[in-house]
Amino acid sequence: MGNTYVIVAETKGGRLRQVSLEAIHAAALASHEEDKRIALLLGHQLKEAADELARYTEVILIDHPDLASYQAEIYFAALTQALDPIQPYAVIFGHTAIGRDLAPQIAAHLNAGQISDVTAISGSGDAIAYTRPLYAGKAFENRQFSSSPQVITIRPNNIAPAQPASTSSSITELSYTPSTSLRSVIKEVVSKSAGRIDLTEAKVVVSGGRGVKSKAGFQPLEELAEVLQGAVGASRGACDAGYCDYSLQIGQTGKVVTPEIYIACGISGAIQHLAGMSQSRIIIAINKDPEAPIFKVADYGIVGDLFEVVPILAEEFRKLLCAPN
Amino acid sequence: MNIFVILKQTFDTEEKISIQNGKIAEDGVKFIINPYDEYAVEEALRQKEQLGGSVTVVSVGPARVAEALRTALAMGADEAVLIQNDDSESDEFTISSLLAAYFRDQAFDLILGGYFSVDNGAGQTAVRLARLLDIPHASAITHLQITSNHATVNRDAEGDTETIEIRLPALFTAQQGLNEPRYPSLPGIMKAKKKPFLTLEQQQLNGIEAEIAPKTVRTALSLPAERKSGRILQGTIQEQTVELVHLLRNEDKVI
Ligand SMILES: Cc1cc2nc3c(=O)[nH]c(=O)nc-3n(C[C@H](O)[C@H](O)[C@H](O)COP(=O)(O)OP(=O)(O)OC[C@H]3O[C@@H](n4cnc5c(N)ncnc54)[C@H](O)[C@@H]3O)c2cc1C
């Protein structure tokens, strides 16, 4: 009999998140053939997402109005109701706002070790090594578990997503018994990200720094991001100056992104900013100052005024992407 | 209000990282309070200024951590506690277990910490502690208001802002934007020298006799591959952008 690996899947706006497919693949990389892999989906009105998920692996669904949006205590209660009878060998989360909050709670509950923010999985058998960044990507470590159960969170955009199987797996619905002793309640959620592509999962990130000079200065960057179906990010310089919301900040004390293409516009390339984006596949820098440190990490650099360069760049991409083949 | 802050000492974020004998080299390195934990210290001081009470800063680590605790005392904290742990192999399981053992003997209303540490970046210890103590928590808060035995917090969830009401005692982790940390003043530094500073051995903690074995182990350490110096494109802006788009499509095949 094999061990059970549980993947805690996430949805956004009712749709399955890409990172959950990556987590399913992570489970496959970490486990043996004979092990069991189950995806656990918590939320409300998630029939479609559950069907989608079943194309990849067996699914346990907990569908309850109380789970409509994330709440630490309620999700913990629902998750443990599902996990305790399973006695999982490993539980895998995305290293997302929800995964980051839920995983350590589950690790404490299971008295388990946890390896966070995993970017690669290697090895086989009992010697599975999890690669993760240290010092915001200035170093990397391989870490292994010396005990089970195991809790893992994986960084979005780093492990390839699972491929769907030819036949669908089963979906088992579990009921959730609401806890009667809640000590916290969500009063309000102000969604600033609705409809936006999630920064940490975006394939293209167009970032603005102090060089954009104003709130309105982000407009050309937004247009470029739209053409490339990417997300807009920022340096702390831009956030501190009030040009944009702190939720866009990329860097050591902001978000970490690893897109296919990172376009830094009017960003000097301070070490704390590099910490959040230097693992991007292709880095493009647009800066007036040919001496700007950002050029040292950029694959391609354009020395020039971003207000001139960015619109032309958007136009060139538009020509390419919208042209009939 | 009995306010506690759990804090960690980390490398200064400007430090260059190098590896010596399979370990991250520490000689000559400048250590600071983990920037997120600094927000937690500041918030504790502000809450105390409004509500009265005391602020105790607690850290687990080697002797050098005393310096970070002294800085917090100089900022205005009342007491410091250092739980000695020289084991560089300690993981979040170990640290949270030690903290939980310490807190089980304390009367606390509020525990504040940082969202994550900038060296290890795992973001586990504080949330694990909340669960071990069976108190509610909210992570990545950007606003905190306390009225009698309730806290109202704003929390940053991937760009969305949630407002949550939580019964005390509770634990919160600080996100950037919560406040602007103060600098230690000269009188603050002088006063800090006379403030209570407690150093505890692990064995002095209830329920912790010997070492607590970590549950994960580091097996390799490496520096990232150097990015090869990139190409500064040439020509007019128009020519450069055309070339860039061409390169992305035909050489890198990312478009
Ligand atoms: C503890 C700590 C944590 C930090 N965390 C972060 C973090 O997470 N993320 C982060 O980004 N920073 C962080 N910082 C701040 C960081 O050190 C820098 O101050 C910040 O990144 C600078 O932002 P910037 O590059 O936008 O601004 P600047 O350094 O002011 O650079 C602006 C750049 O824009 C260029 N420019 C100006 N006008 C134009 C134009 N019209 N066209 C083209 N180029 C133009 C200039 O040549 C310049 O290079 C942190 C700092 C500390 C101390």
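## Exercises on a predicted two-chain model

B:Tyr36 is buried, and B:Tyr115 is buried too (under 20% relative accessible area, with exposed meaning over 50% and partly exposed in between, for a 1.4 Å probe and protein chains only). This is a predicted model, in which local features need pLDDT of at least 70 and side-chain atom pairs pLDDT 80 or more, while totals for chains, interfaces and linings use all residues. Residues are numbered from 1 along each chain as its sequence is written, chains are lettered from A and ligands numbered from 1 in the order in which they are written, and side-chain values use heavy atoms, without hydrogens and water.

**Exercise 1. Describe the ring pair of B:Tyr36 and B:Tyr115, and say which parts of chain B the pair ties together.**

Step 1. Start with the count: the structure holds 13 aromatic pairs over all chains. Rings of Phe, Tyr and Trp (its six-membered ring) pair if their centres lie within 6.5 Å; planes under 30 degrees apart are stacked, over 60 edge-to-face, and the rest tilted.

Step 2. The two centres are 6.4 Å apart and the planes stand at 75°, so this pair is edge-to-face.

Step 3. Helices (H or I, at least four residues) and strands (E, at least two) are DSSP runs, numbered from the N terminus. B:Tyr36 belongs to helix α1 (residues 35-51) of chain B and B:Tyr115 to the loop between β8 (110-114) and α4 (125-133) of chain B, so the pair links parts 79 residues apart in sequence.

**Exercise 2. What else do the aromatic rings of chain B take part in?**

Step 1. Look for a group: B:Phe4, B:Tyr102, B:Phe103 and B:Phe108 make up one aromatic cluster.

Step 2. Now look for charges over rings (NZ of Lys or CZ of Arg within 6 Å of the ring centre and within 35 degrees of the ring normal). B:Arg64 lies over the face of B:Phe31, 4.1 Å from the ring centre. Over the ring of B:Phe197 sits the charged end of B:Arg70, at 4.5 Å from the centre.

**Exercise 3. In what order do the strands of the open sheet in chain A run, and which stand at the edges?**

Step 1. Two strands pair if DSSP finds at least two bridges between them. With parallel pairing, the 7 strands follow the order β7-β11-β6-β1-β4-β5-β12 (chain A).

Step 2. β7 (113-118) and β12 (171-174) of chain A each have a single partner strand, so one side of each has no neighbour in the sheet. From one strand to the next, the twist averages 20°.

Methods:
Axes fitted to C-alpha atoms, helices over the stretch in contact; angles between N-to-C directions.
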